[in-house]
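Take a look at the chain below. This report goes through it part by part.

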Amino acid sequence: MIHVRHLSHSFGPHWALKDCTFSLEKGDFVFLSGPSGAGKTTLLRLLYGSLPLQRGEIRVGDMDLRHLKPDQVPLLRRQVGVVFQDFKILPLRTVQQNIALPLEVRGLAPQHIERRVRAVARALGLDGRLSVRCGQLSGGEQQRVAIARAFVVNPQVLLADEPTGNLDPELSLRLVELFKQFQAYGATVLFATHSIDLMRRHPGAHIMRLEHGMITNANWPGAQVFRSPDEAFRAAPPETDGRSGLGERL
């Protein structure tokens, strides 16, 4: 479902990702861990098509992101649901309007939209807030609206960027269980988190750790692990676009 090979990405002279390689199959659940600045958000943005692919390969479902054209990005995002760190909700619209937005974009019938929105809102404890404008909600409530908006489209892939950051421990565990329910129906989940407690409570999940842009630990054979930048540089494939090698550019 997600296949990444030799993925590197830089912002000017700074390398956010260095030669990352991993594969996730349909229905896999992965906790993406690592300190702030390790490259977690950059990786998720590349998988979602909101950053250009500079070097390496990414396949999401049947889409090869090396050849992704601007008019194909909406097709990618029909397969991928995302929960952002900064929510990206519309503060002047109600909870119901925010959650319904991706369904309206897809042209679904109003009765189907209302049924789906109410079901997801109920699961996240928002059913009593549907008529409230999102700008009047607490940070935790806004985060739940963002999560509901990602869930409501039944995506094949769910990407979550620190979705429990503003939630209490009980609601955080409940949220992970909701992600696990989508996994049970075949969704592939990549869940970025700093919470050691969440990962300990789900010992069967895959865990992939990023440090300094490299995959430094993974508990399943689908990821390539490096222990040092030199190791990553030696493994990086030769350039094909006339630019210098990864080790030389850093």
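## Cysteines

Cys134 is buried, because its relative accessible area is 0%. The model shown here is a predicted one. Cys20 is buried too, again with a relative accessible area of 0%.

Strand 1 (residues 2-11) pairs with strand 2 over seven bridges, in the antiparallel sense. His3 has Ser23 as its bridge partner in strand 2. Leu7 has Cys20 as its bridge partner in strand 2. Strand 1 and strand 2 form a hairpin, with two residues between them. Gly12 sits in the turn and has a positive phi of about 65 degrees.

Is strand 2 largely enclosed or largely open? Nine of the eleven residues of strand 2 (residues 14-24) are buried, so the rest of the structure largely encloses this strand.

Helix 1 is mostly covered, with seven of its nine residues buried. Those buried residues are Lys40, Thr42, Leu43, Leu44, Leu46, Leu47 and Tyr48. Just after helix 1 comes Gly49, with a positive phi of about 80 degrees.

Leu46 lies in this helix, which spans residues 40-48. Why does Leu46 count as buried? Its relative accessibility is 2%, and the cut-off for buried is under 20%, so Leu46 qualifies. Beyond its neighbours within four places in sequence, Leu46 is in contact with Leu7, His9, Leu17, Leu51, Pro52, Leu53, Ile58 and Leu65. Leu46 and Val60 are 14 residues apart along the chain, and their C-alpha atoms are separated by 11 Å.

## Nonpolar cores

In soluble globular proteins, nonpolar side chains tend to be buried together. Here, the largest nonpolar core has 42 residues. Which members touch the most other members? They are Leu124, Phe151, Phe179 and Phe191. Several elements give two or more residues to this core, including strand 3 (29-33), helix 3 (95-105), helix 4 (110-123) and helix 5 (139-151). A second, separate core has 34 residues, among them Phe22, Met63, Val80 and Leu159.

Now back to Phe151. Leaving aside neighbours within four places in sequence, Phe151 is in contact with Arg116, Val120, Leu124, Leu158, Leu178, Phe179 and Phe182.

## Salt bridges

How many salt bridges are there? The count comes to seven. Arg66 forms one with Glu57, and their closest N and O atoms are 3.8 Å apart. Arg66 is partly exposed, with a relative accessible area of 43%. Glu57 is partly exposed as well, at 31%. A network of salt bridges links Glu57, Arg59, Asp64 and Arg66.

Arg201 forms a salt bridge with Asp197, with the closest N and O atoms 3.1 Å apart. Asp197 is partly exposed, with a relative accessible area of 39%. Arg209 forms a salt bridge with Glu211, where the closest N and O atoms are 3.1 Å apart. Arg209 is partly exposed at 30%, and Glu211 is partly exposed at 28%.

Note on methods: Residues numbered from 1 in each chain as written. Predicted model: local features only at pLDDT ≥ 70, side-chain atom pairs only at ≥ 80, totals over all residues. Heavy atoms only, no water. Core = buried A, V, L, I, M, F, W, Y, C linked by side-chain atoms within 4.5 Å. Buried < 20%, exposed > 50% of the residue type's maximum accessible area, 1.4 Å probe, protein only. Helix = DSSP H or I, 4+ residues; strand = E, 2+ residues; numbered from the N terminus. Contact = heavy atoms within 4.5 Å. Pairing = 2+ DSSP bridges. Salt bridge = Lys/Arg side-chain N within 4 Å of Asp/Glu carboxyl O.
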